[in-house]
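User: I've got this model open on my screen and I'd like to talk it through. Can you help me make sense of a few spots?

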Amino acid sequence: MLPVRLQITLITAVVFYFFMMCVFLKNKSLSLKYTLLWLFAGGILGALVVFPGILTWLNGLIGIQENMNGLFVWAIAFIVCILLSLTSIVSRQNHKIRQLIQTISRLENRIRELERQERYDTDEIQNNAEQ
């Protein structure tokens with residue numbers, strides 16, 4: 001079992017965590033899908049803190065003797081899962097940004113060609129008018 005003082009501290013931290021997630025969502029600092037990811041992870045860890053029996057059972061499954069060690073292992077596991085998820089998102093965004101940069105470069109090149117062609121046509125019209 002978790003010591004009562006620690007359990008109260010962790011419950012307070014989880015409540016503060018949820019409050020901060022709601023503030024981020026309200027201020028649109030995080031999009032909804034990322035906020036849901038963080039809220040899901042916080043909900044699972046909050047359940048482990050509020051109901052230490054679940055934590056004891058999970059720790060027994062993988063052979064951890066102390067609940068405190070198990071709590072840290074599960075917290076680190078959630079952090080790693082979130083980091084992997086965010087890394088995947090960043091990789092996809094990086095790919096999209098590269099595609100956009102390439103598209104913009106092609107469009108800028110096309111604009112330069114059209115401007116060059118327009119100048120050539122304008123010069124040709126002026127030369128014909130002078131003759």
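This is a predicted model: local features need pLDDT of at least 70, side-chain atom pairs count only at pLDDT 80 or more; totals for chains, interfaces and linings use all residues.

User: How are α2 and α3 arranged, roughly parallel or roughly perpendicular?

Analyst: Two packed helices are described by the angle and the distance between their axes. Here the axes of α2 (residues 32-50) and α3 come within 4 Å and cross at roughly 100 degrees. Angles of 65 to 115 degrees count as roughly perpendicular, so α2 against α3 is roughly perpendicular. The α2 side of the contact is L48, V49 and V50, while α3 brings P52, I54, L55 and L58.

User: Is T35 buried or exposed?

Analyst: T35 sits in helix α2. Beyond its neighbours within four places in sequence, T35 is in contact with M21, L25 and L30. Buried means under 20% relative accessible area, and T35 has 1%, so the word is buried.

User: And K28, what is its phi near?

Analyst: K28 lies in the loop between α1 (4-26) and α2, and it is exposed, with a relative accessible area of 71%. Its phi is positive, though K28 is a residue other than glycine, and the value is near 60 degrees.

Definitions and conventions
Residues are numbered from 1 along each chain as its sequence is written. Side-chain values use heavy atoms; hydrogens and water are left out. Axes are lines fitted to C-alpha atoms, for helices over the stretch in contact, and angles run from 0 to 180 degrees between N-to-C directions. Helices (H or I, at least four residues) and strands (E, at least two) are DSSP runs, numbered from the N terminus. Angles under 35 degrees count as roughly parallel, over 145 as roughly antiparallel, 65 to 115 as roughly perpendicular and the rest as oblique. Contact means heavy atoms within 4.5 Å. Buried means under 20% relative accessible area, exposed over 50%, partly exposed in between (1.4 Å probe, protein chains only).
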